[in-house]
Structures are given as C-alpha cells and as structure tokens.
Amino acid sequence: MAETQAATRLREYETIFLVKPDLTDDNVDKLKERVRGIVGREGGKLLRFTVWGKKKTLFPVAKQPRAIYVHASYLGGSKLVAEIERNLRNLDEVTRYISVKIAEEVDPETRPVLEDLKLAGDVEETRPGAPAEREGGFRGGEEPGVESEEESTEEA
C-alpha cells in the first residue's frame, strides 16, 4: 500500500526560460502549448504558466538587451525536466532556461491547476514623463567643478 502512495507522489519543479523579444504573443503561446504537451505526455501536471513580459536583461543575451520571460510551474519526475530542457535547447526562439526543484513528494491531488497569467513586463525606457539623464551621466547631483551657493558662502 505504501508503494502505491509513493508512486502517485511527484516532485514540484519550476522552469524559467527567456524568449527572443521580437516574438509575438501567438508564438509565445505556441511555445507554452509545446511545453504543456510535453508535461501531459510524460505524466506530469502543469500547474501554471506566467508570462512575465519583456524585461531588460543584465547583459545582452543572444545579442539582445531585452527578453520575454516565461515561468512554468509543474509536477513531475526528473525525466520530465530533462525532456522539457531538451526541447527548449532545440528551439531557436528560446535563448536561456533554468529549472529548479521546489519540493519533494507532492500529492498531485492537493495542487490545483491555476489559470495562466500574463504580466505587463517593464515599461520602455523612453516612456513619456520619465526623467531624462544629463549628457554628462550624472544623476541628481551637481556637475563636478561647479560650486553651489552654499559651498561658496561657507568658505568665505
């Protein structure tokens, strides 16, 4: 009896992958459906997809300063993770991915399937009303070599 309960227990994983920023929403949905099909085929349970939107990366990835971030949370085994990563590696649209194990021995019946979520992502740098940088690259302070009135009165 303990063996049948252990067989129904799965591990919880999450995979975050970066997609090229010029992809349309339809193409991102096709990638999500491909991952959803892999999870279903391998006997896992997809909990939720969250598209975090287009965000600026720390460094250029595939010669692009921005990427679309997609987060997938699912239940399954280690073979499922290997299959998802193999498929992501073969897709030209996906530039980076990482998978992390969240929990051991999760009962799939206790975890509900949540609705997919789409967030707005970062606002473009050239948005109206954003403070413009000075040409010298200084923010919020005086330019070097220019004394303010307070400094000159204190010295006198």
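How many residues does helix α2 have, and how far does the helix reach from its first C-alpha to its last? In this predicted model, helix α2 spans residues 25–41 and has 17 residues. Its reach is 24 Å, close to the 24 Å expected at 1.5 Å a residue.

The buried residues of α2 are Val28, Leu31, Lys32, Val35, Ile38 and Val39. Viewed down the helix axis, the buried residues of α2 fall within an arc of 120 degrees, so they line one face of the helix. These buried residues pack against β1 (10–19), β2 (45–61), β3 (64–76), α3 (78–90) and β4. The face of α2 turned away from the buried side carries Asp26, Lys30, Gly40 and Arg41, which are exposed. Just after α2, Gly43 adopts a positive phi of about 85 degrees.

Positive phi values also occur in residues other than glycine. Lys63 has a phi near 65 degrees. Lys63 sits in the loop between β2 and β3. Its relative accessible area is 78%, so Lys63 is exposed. Glu105 has a phi near 45 degrees. Glu105 is found in strand β4. Its relative accessibility is 58%, so Glu105 counts as exposed.

Strand β4 comprises residues 94–106 and includes Val100. Val100 has a relative accessibility of 37% and therefore counts as partly exposed. Together with Ile98 and Ile102, Val100 makes a nonpolar surface patch of about 250 Å².

How values were computed
Residues are numbered from 1 along each chain as its sequence is written. This is a predicted model: local features need pLDDT of at least 70, side-chain atom pairs count only at pLDDT 80 or more; totals for chains, interfaces and linings use all residues. Side-chain values use heavy atoms; hydrogens and water are left out. Patches are made of residues with over 30% relative accessible area and no salt bridge: like charges are joined within 9 Å, nonpolar side chains (Val, Leu, Ile, Met, Phe, Trp, Tyr) within 5 Å. Accessible areas come from the Shrake-Rupley method with a 1.4 Å probe; for residues, only the protein chains shown count as cover. A salt bridge is a side-chain nitrogen of Lys or Arg within 4 Å of a carboxyl oxygen of Asp or Glu. Helices (H or I, at least four residues) and strands (E, at least two) are DSSP runs, numbered from the N terminus. Buried means under 20% relative accessible area, exposed over 50%, partly exposed in between (1.4 Å probe, protein chains only). The expected span of a helix is 1.5 Å times one less than its number of residues. The arc is that of the directions from the helix axis to the C-beta atoms. Contact means heavy atoms within 4.5 Å.
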